[in-house]
Amino acid sequence: VVSTQSLFPLMLMKDEEVQSHLQNDHYTIRDKNRQQSVIKRTFGDDATTNEEDTVLSVRRSASLCLDHLCRMGSDAVFPHILEVCLTKWEDPDWRFREVAILCLGAAVQGAYAQLDPYFNEFVPKIIDAISVGTNQHVCITSMAAWAAQRMSIWILTNGSAFVGRYVNALLGNFTCESKRVQAACVPALRMLIMTVPALGLDANVMAPYYSAIAETVKNCVPHYHTTNLKLLCDLAISVMYLAPSPIEQQQ
């Protein structure tokens with residue numbers, strides 16, 4: 001219990017960390033490094049380059065530790081995570097709200113059974129945090145997309161209303177001026193699409209959205225570069241591979 005509670009303060013972003021993330025975050029600023037064959041995606045952050053790996057090492061380590069604690073003893077750990085999520089979700093300081101989302105995302109795989117009764121409450125909040133027009137800090141939006149990505153199974157198996165809202169929220173951020181938000185939302189949508197065959201679901205689950213996805217991807221290609229362009233291409237390949245109709249594949 002003590003060790004779990006001691007992790008939460010370590011997950012808070014420091015001012016210098018926020019500044020580091022936002023300094024070159026505008027989509028018109030090209031990445032310093034060339035695209036590498038492997039994009040690192042770790043706890044407490046989204047797509048990163050080697051140059052950023054040490055910036056949030058303590059934060060990432062604390063988040064990963066929480067994930068492992070949930071896997072090893074979710075019954076003991078979960079009540080403390082739930083307390084953070086419930087008490088910090090509406091905190092005036094966006095950094096505390098971001099930690100609540102991070103804790104929720106970190107706990108999903110290890111404490112899925114314990115979280116199941118709360119998904120109906122938390123998933124709409126996560127989608128709202130992603131949605132354009134809610135005036136969220138970019139770090140809130142990107143973290144919400146990362147957390148939602150880990151909830152893809154629940155979203156797909158609990159009604160088309162959740163799927164539609166989620167897809168629209170992600171697509172709305174493809175044209176966000178923040179590279180960080182782009183780098184979180186694009187792979188989140190690809191994960192949702194790839195989870196459909198992984199679960200053995202009918203491919204038509206995503207059929208209503210393929211045309212909008214293809215159109216959005218086409219419009220974004222001229223404005224993406226390096227890391228995010230690769231993520232966008234990966235998404236396009238997944239859509240072409242999985243879209244059930246040849247007409248949709250031609251979009």
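The model is a predicted one. It contains 0 disulfides. Helix α4 is mostly covered, and helices α10 and α12 pack with their axes 9 Å apart.

**Cysteines**

- The count of disulfides in the structure is 0; C65, for instance, takes part in none, and the nearest cysteine sulfur, belonging to C70, lies 9.7 Å away.
- C65 has a relative accessibility of 33% and therefore counts as partly exposed, since that class lies between the limits of 20% for buried and 50% for exposed.
- For C176, the closest cysteine sulfur is that of C185, at 7.6 Å, which is too far for a bond; a disulfide requires two cysteine sulfur atoms within 2.5 Å.
- In general terms, a disulfide is a covalent bond that links the sulfur atoms of two cysteines.

**Helix α4**

- Helix α4 covers residues 94–107, and its 14 residues should span 20 Å at 1.5 Å a residue. The C-alpha atoms at its ends are 20 Å apart, in agreement with that expectation.
- Of the 14 residues in α4, 11 are buried.
- The buried residues of α4 include W94, E98 and V99. Also among them are I101, L102, C103 and L104, as well as G105.
- At the start of α4, the backbone nitrogen of R95 has a side-chain oxygen of D93 within 2.9 Å.

**Helix α2 and its residue V18**

- Helix α2 comprises residues 15–23, and V18 is found in this helix.
- V18 counts as buried because its relative accessibility is 11%, and the limit for that class is under 20%.
- V18 and R95 are 77 residues apart along the chain, and their C-alpha atoms are separated by 9.6 Å.

**Helices α10 and α12**

- Helix α10 (residues 179–198) packs with helix α12 (residues 226–242) at an angle of about 20°, and their axes are 9 Å apart.
- This angle makes α10 roughly parallel to α12, because angles under 35 degrees are assigned to that class.
- The crossing in which α10 passes α12 is left-handed.
- T226 lies in helix α12. Although T226 is not a glycine, it has a positive phi of about 50°.

Key. Residues numbered from 1 in each chain as written. Predicted model: local features only at pLDDT ≥ 70, side-chain atom pairs only at ≥ 80, totals over all residues. Heavy atoms only, no water. Buried < 20%, exposed > 50% of the residue type's maximum accessible area, 1.4 Å probe, protein only. Helix = DSSP H or I, 4+ residues; strand = E, 2+ residues; numbered from the N terminus. Expected span 1.5 Å × (residues − 1). Polar contact = N/O pair within 3.5 Å; in protein donor to acceptor, adjacent residues only side chain to side chain. Axes fitted to C-alpha atoms, helices over the stretch in contact; angles between N-to-C directions. Parallel < 35°, antiparallel > 145°, perpendicular 65-115°, else oblique. Left-handed = near helix turned anticlockwise from the far one by under 90°.
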